[in-house]
Structure formats: structure tokens, C-alpha cells
Amino acid sequence: MALDLTFTEDEEAFRAEARVWLEANVPAQPLASFDTREGFEQHRAWERTLHDAGWAVVSWPVEYGGRGVNLVEWLIFEEEYYRAGAPGRVGQNGLFLLGPTLMDFGTPDQKARFLPRMARADDIWCQGWSEPDAGSDLAGIRSRAQLDGDHYMLSGQKTWCSRGAFADWMFGLFRTDPAAERHRGLTMILVPLDLPGVTVRPIAQLDGETGFAEVFLEDVRVPVDQRLGEEHKGWNVAMATAGFERGVSLRSPGRFMATAARLIDQWRERPDETLRDDVVAGWMDAEAYRLHNYATVSRLMAGGTIGAESSVNKIFWSEMDLHLQSTALRLLGQDAEVDGNRWLDGFLFALSGPIYAGTNEVQRNVIAERVLGLPRSAG
Amino acid sequence: MRFVFDEDASAFRAAVRDLLDKECGPADVRAAWDSDAGFSAARWKQLAEMGVVGLTIAEADGGLGLDETGLVLLLEEAGRVALPEPLIETTAVGAPLLQALAPDRLAGVASGDTVVTVGLSHCPAVSGAAGADLLVLERDGALHAVAAPDVDLTPVESVDHGRRLARVDFAPAAATVIAAGDEARAAVALAFDRYAWASSAVLCGLADRMLELAAEYAKQRHQFGVPIGSFQAVKHKLADALVKLDFARPVVHRAAFSIARDDPDRAVHVSMAKAYASEAADLAARAALQVHGAIGYTWEHDLHLFMKKAWALGAAWGDAAWHRRRVADAVLPRLPR
């Protein structure tokens with residue numbers, strides 16, 4: 001089959017169906033921030049609404065609560081979702097990162113146990129990877145998981161867990177082989193956050209809301225059947241997650257297209273000729289990002305894989321988002337500093353983009369070493 | 001939606017890469033620079049035998065009958081070797097124009113015997129004029145087809161010595177007109193977009209090759225006791241150029257599709273392609289030169305063959321700023337002055 005950039009009748013019908021449902025169901029008033037307890041539960045209720053209508057995880061198999069559509073249709077849904085101004089996805093760490101990883105690495109029991117509850121937002125997940133001494137250098141993880149009969153005993157500290165303040169579960173990386181170094185001897189373990197020995201300490205982010213948390217673990221007993229993938233092979237599981245995160249799932253083009261459209265509206269409201277080029281540059285980048293994503297998912301659907309290229313994607317979307325948001329603030333002129341303006345929250349959030357999911361500096365190293373074949377750095 | 005090339009396209013690309021790796025090394029590009037026509041007629045014949053030259057010509061007229069989506073990967077390959085032959089002028093622009101307006105003038109084009117170029121008023125110095133057998137020229141709102149013996153050329157030197165620009169004089173006559181009025185206007189707009197798009201594809205190939213050269217050099221060149229490619233300052237410079245290129249390619253591929261399907265947004269799509277590809281090649285050239293250091297600044301080193309084609313094609317047919325403005329005019333209203 002040759003290159004074809006038109007949408008099929010089925011794809012158009014799917015888009016129309018999504019658009020109609022979203023227009024009828026997206027809350028007219030914005031929900032409170034999901035980094036507050038009240039907002040978190042409002043978003044959980046919205047996730048249930050999505051789920052019950054079959055829109056929570058469109059690309060997942062039907063048995064887990066999805067509708068089994070392909071990745072192109074997933075991109076279409078995402079475009080419609082953000083075009084409709086629908087709420088942010090409070091369950092995104094589970095839905096978009098852990099979910100696909102569970103499908104690849106999980107046992108049949110694990111899939112049946114975790115995926116439908118995740119899709120329904122019965123369980124909202126956070127990620128437990130970073131530690132005080134393991135940020136960009138994730139292989140520096142020290143939190144331990146010690147096998148004790150049919151349980152692991154967890155101890156240590158996780159940090160910067162997004163949505164961790166109110167989440168129900170955490171998927172964490174733990175060192176199971178204390179003798180192994182770096183990325184060897186790590187294991188991915190699924191941890192309920194209400195277990196004895198778990199202490200969650202919310203951390204206020206730049207916007208003042210508790211968007212992430214520290215999670216302290218003191219002799220927390222977790223059954224062995226909550227290990228994801230093989231023991232000591234957690235790094236492979238994590239990298240599969242991270243590759244998908246940076247490359248496809250975390251930031252679909254729909255949200256940036258919607259932001260670019262809002263930026264153009266903002267320019268029309270308060271036009272400034274000196275910022276015209278910057279506004280258009282943001283719109284063009286969102287278009288380019290959309291095309292790049294359709295090319296990536298087409299390649300995946302044709303049997304291709306995603307590897308270090310995902311780092312290319314991550315650098316692009318994070319810098320584009322910052323450009324879009326900061327250009328909007330510049331359009332606001334001196335009103336930009338006024339708290340609660342529609343762009344300030346977006347700007348503050350965008351500032352985290354070049355940091356989380358692996359800093360852009362680390363991504364540049366990855367590109368240089370794995371795509372261009374340059375030697376590893378000495379230090 | 002299927003944004004991926006099929007196996008035939010990939011196989012054709014691989015075959016062309018094989019040929020050009022053998023037949024169009026840097027020494028061959030230098031030879032073309034020193035030749036009269038600015039390119040090698042023998043290599044053009046080899047490309048014709050593979051079907052590349054006549055790719056956009058109807059099968060009935062001796063071509064492959066493919067469209068821009070079949071050509072775009074081969075233009076990238078042309079860029080990778082800084083191909084001096086007029087693939088843009090003849091195959092991407094001239095042949096489809098003649099196919100639409102004067103198919104009787106296509107004789108000898110697919111076989112490589114008749115080299116075509118197209119001169120538009122937007123770019124008064126016509127590229128490939130010195131080596132062309134048939135020139136299609138815009139004059140006073142009409143398009144004329146004129147054979148080489150009937151034109152006078154005044155050479156204009158390009159930074160890329162293979163381009164052989166020239167101002168062209170000829171005597172317009174009723175017999176030379178192949179289109180006038182609205183038909184000519186539409187054909188000129190389409191030819192301009194094809195020039196800009198095809199240049200974008202070549203620019204992507206040039207950027208790719210320059211990054212490859214820079215990465216190779218960064219692995220071999222040692223300073224302070226280590227390969228310079230182990231320094232993050234070097235890595236990040238090349239990574240940034242790679243990001244820019246990686247996001248230019250799908251934009252260029254989309255423009256190919258939009259031209260082939262006569263999409264109503266063709267002009268915006270082409271302008272995005274030319275803006276991104278020009279900037280990507282420019283950044284790759286800067287990064288590659290900096291990584292090479294002084295050796296890259298010499299005539300002897302091959303890098304400049306690629307940089308100069310990148311600069312020439314980046315400027316031709318609307319530079320990045322021109323095309324960004326064209327997108328802006330479509331997306332945002334102009335303020336009243």
C-alpha cells in the first residue's frame with residue numbers, strides 16, 4: 001500500500017462519533033486542579049464517565065475496557081479530546097505508561113486484575129522511579145526489594161511521583177540484587193499506597209499545588225505476584241515504558257494543536273505584529289509534530305519499533321510547549337503576571353517538560369550516542 | 001491514513017543509493033563543478049536507465065508514471081551525494097509541467113537525451129540553464145518552450161558551482177507559447193511549489209549527509225586524549241541538528257502528497273516543507289562545520305560541497321523566512337497599517 005495521508009471513511013466516522021460524544025459530555029465548567037484532593041476526585045469521576053461510554057482507553061482491547069482501535073484512531077481521538085477542551089487525564093501515568101507495559105510484560109492474571117480497574121479509574125497510578133540520588137541517572141536507584149518467601153520487603157524512598165499525593169497505586173523500580181550495579185539487578189514492583197509502612201508526603205510544585213509527592217517505604221510487604229516482568233530485569237521493563245512514554249503516548253499531538261489554536265485566538269484578541277512570527281512558528285511546530293506522530297504510529301502499525309528516536313520526540317514537544325505558552329504570555333504583555341490568567345498555568349506546567357521523563361540534556365546524549373553513534377561520555 | 005512508504009519505494013531508494021554511492025562521490029561532484037555543463041551526462045544516462053529521470057513522466061511517454069510521493073525519497077538520496085545532475089529541474093518540475101501542457105515536447109526526456117529546466121520570474125537566474133536542451137520560460141504571464149540553440153545565456157555564478165545559473169534571453173513568439181492566461185498562472189504557481197518542495201527534499205538529504213560526516217569525524221578526531229564526540233557540547237550540537245531534520249522530513253513528505261493530490265492547502269504545506277528543510281540543512285551545515293573545525297573550513301575537505309548546495313537551495317525558491325511569511329498570511333490575518 002502506498003503512502004496515503006487522507007483519513008479513511010472508518011477513521012472519519014470514528015472522529016465524528018468521538019466529536020459528538022465529547023461535545024455533549026465535556027464539563028462546561030473546568031474541573032478543579034487534579035493536584036488538589038477535590039479536583040483529583042472530580043477528575044476520577046470524569047474518568048469514570050469516559051470509561052462508561054467507552055472512551056477512556058480507546059486503543060486497549062475491549063476486554064480491558066477499551067475499544068480496540070488502532071494507533072491512528074487513538075491519535076484522532078486525542079485530537080478530538082483536546083479540541084473539545086476536555087479535562088486533563090488524571091490517570092495518565094497508569095493509562096499511557098503502565099498500561100501498555102502491563103500488556104507487554106504482565107501475566108494474564110496481572111492484566112485481568114489491574115487493567116480494567118485502571119481503565120475505570122478505580123485505581124489511579126503514580127510512577128515510583130526517581131529517588132533523591134537517582135534522577136537523570138536513574139540507574140542509581142537504591143530502594144531495596146528483598147525476597148522473603150512469597151513476598152518482597154520494600155524499603156527506601158521514591159520522589160517526584162506525579163499525582164503521588166492522591167494516587168492509589170505506584171509502579172516502582174527497586175533494587176532486588178544489592179550486589180548488582182547500575183541498571184542490573186532492578187525489578188519493577190506494583191505497590192498499593194495504603195499498605196502499612198508506606199508514607200506519602202505531598203510536595204507543592206511551582207504553582208503551589210501538590211502535583212507530586214515523596215513516597216517513603218519502611219518494610220512494606222508486597223506479594224511476589226505484584227512483580228511486573230522478571231526479577232532483576234526491571235530496567236528492560238522501565239525502558240520499554242520510557243520509550244513509549246517519550247515516543248508516542250505521553251504527549252499526543254492533539255493537545256499542542258489545541259494549544260496552538262488557542263494561541264492564534266489569543267493573537268486575534270490582542271494582535272501584536274512583532275509576535276506574529278512566533279505565533280505562526282508555534283502553529284507550524286504543532287502541525288509538524290502531528291505529522292511526525294502519524295508517521296511514527298504508521299511505522300509501528302507496519303511492524304516497526306521505536307527506539308532512541310523517542311528522545312527526538314521528547315525534546316521537540318517539550319520545547320514546543322514552552323514556546324507556545326511563553327508566546328501567549330508575551331501576547332498578554334503586562335497582564336501576563338496576573339495570577340489565574342489562562343496561560344500562566346500552562347506556562348508553569350510547560351516548564352517541567354524539559355525536566356521530567358528524562359531531562360532534555362540526557363535525551364540529547366541518547367540521540368548522540370544511539371542514533372549518531374558517538375562514544376559515551378567519560379563522566 | 002498510512003504515513004509510511006511501501007516496500008517498492010524503499011527498494012527503489014536503496015537501488016538509487018547503491019548507484020550514487022558508486023558513481024557520485026565527492027571527487028565526482030568536484031569534476032562536475034569543473035565541467036562545462038555542470039553535471040555528468042553519463043551519470044544522467046545511468047539515472048535514466050534506472051527510471052529515475054522519467055519517473056514523473058507517463059508510462060505512455062516512456063516514463064514510470066509515478067508522482068511526487070514516488071520521487072521524494074530519491075530527491076533525498078540526490079541530496080545525500082550533492083548530486084550535480086538536474087533532477088529537480090527536469091524530473092521534479094520540467095517533466096510534469098510538460099506532461100500537463102505540452103506532452104509532445106517530452107520526447108527524449110525520460111531517456112536522458114533531453115535535459116529540461118524551467119525558468120520562473122520569481123528566480124530570474126535560471127538553474128541548470130547551461131546544460132539544458134529545452135527551457136520552459138515564464139515571460140509576461142505566458143509560458144514558452146524554447147530549445148537551447150534559441151536562447152542567449154548570461155552566466156550568474158552560484159555559491160554551488162554545480163548549479164550553473166544563467167539569465168536567459170530569447171525571442172518570445174506565438175510558436176513558443178505553451179500556456180497563457182489563467183492556465184499559465186496556475187502552471188507557474190505549481191512549478192514554483194514543485195521547485196520549493198523538491199529543494200526541500202534535497203535539503204533533507206544534504207542535512208543527513210552533513211550530520212553523518214560530522215558524526216564520523218567526531219568519532220575519529222581525538223583532542224584532550226579522547227574522541228571529541230564524547231564531549232557533551234559536541235553531542236548536543238549534533239543532536240539538535242538531528243531533531244530539526246527528523247521533524248522536517250515528515251513535513252516534506254506531506255508536501256509531496258499534497259502536490260500529488262492537488263490539495264487545496266498545497267501552498268501552505270510546501271511552504272512549511274521549505275522553511276523546515278532550509279533551516280534543518282542550515283543548522284546541520286553550521287554544526288558540521290563547527291565539529292570539523294579548521295579542516296572543514298578548507299577547499300580541500302569535502303564538507304563544503306554539501307554546505308554550498310545547502311546554502312544555495314536554502315535561498316532558492318523562497319528562503320525559510322519567505323515561506324514562513326507565506327504560512328503566516330494563510331494562518332493569521334495581517335494587521336491594518
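In this predicted model, chain B holds an open sheet of 4 strands in the order β1-β2-β3-β6, with mixed pairing. Which strands stand at the edges? They are β1 (116–119) and β6 (177–179) of chain B. Each has a single partner strand, so one side of each is left without a neighbour in the sheet. From one strand to the next, the twist averages 25°.

Look next at the pairing of β2(B) with β3(B). These strands run antiparallel and share 6 bridges. One bridge pairs B:Val136 with B:Ala145 in β3(B). The two strands form a hairpin, with 2 residues between them. B:Asp140 sits in that turn and has a positive phi of about 50°.

B:Leu143 faces B:Ala179 in β6(B). B:His144 stands opposite B:Val177 in β6(B). As a rule, side chains in a regular strand alternate between the two faces of the sheet.

Helices pack on this sheet. Helix α6 (residues 181–220) of chain B touches β1, β2, β3 and β6 of chain B. The direction of α6 makes about 70° with that of β3(B). Helix α5(B) also lies across β1, β2 (134–139), β3 and β6 of chain B. Its run is at about 80° to β1(B).

Helix α5(B) has a helical partner too. Packed helices are described by the angle between their axes and the distance between the axes. For α4(B) and α5(B), the axes come within 12 Å and cross at roughly 170°. The two helices are therefore roughly antiparallel to each other. Which residues meet here? From α4(B) come B:Leu71, B:Leu75 and B:Ala78. From α5(B) come B:Leu87, B:Thr91 and B:Ala92. By class, this contact has 5 nonpolar, 1 polar and no charged residues.

Step back to the domains of chain B. The domain assignment gives domain 1 (7–182) and domain 2 (185–331). Their C-alpha centres are separated by 21 Å. In the contact between them, 33 residues of domain 1 of chain B meet 33 residues of domain 2 of chain B. On the domain 1 side, α2 (26–33), α4 (68–80) and α5 (87–101) of chain B each supply at least two residues. Which of the elements gives the most to that side? It is α4(B), with 9 residues. By class, the domain 1 side has 19 nonpolar, 5 polar and 9 charged residues.

Chain B as a whole has 10 helices and 8 strands. Its radius of gyration is 20 Å, close to the 20 Å that the globule rule gives for 337 residues, so chain B is as compact as a globular protein of that length. Along the principal axes, the C-alpha atoms of chain B fill a box of roughly 70 × 55 × 40 Å.

Turn to chain A. Its secondary structure comes to 11 helices and 8 strands. The chain is divided into domain 1 (9–90), domain 2 (125–233) and domain 3 (251–371). Between domain 2 of chain A and domain 3 of chain A, the C-alpha centres lie 30 Å apart. The radius of gyration of chain A is 21 Å, which agrees with the value near 21 Å for a compact globule of 379 residues. Its C-alpha atoms fill a box of roughly 65 × 45 × 45 Å along the principal axes.

Last comes the contact between the chains. It takes 42 residues from chain A and 36 residues from chain B. On the chain A side, α7 (253–269), α8 (276–301), α9 (309–332) and α11 (360–371) each supply at least two residues. Which helix gives the largest share of that side? It is α8(A), with 14 residues. By class, the side of chain A that touches chain B has 28 nonpolar, 5 polar and 9 charged residues.

Note on methods:
Residues numbered from 1 in each chain as written. Chains lettered and ligands numbered in written order. Domains from an automatic or database assignment. Contact = placed C-beta atoms within 7 Å. Nonpolar A, V, L, I, M, F, W, Y, C, P; charged D, E, K, R; others polar. Pairing = 2+ DSSP bridges. Axes fitted to C-alpha atoms, helices over the stretch in contact; angles between N-to-C directions. Parallel < 35°, antiparallel > 145°, perpendicular 65-115°, else oblique. Rg over C-alpha atoms; globule rule 2.2 N^0.38 Å.
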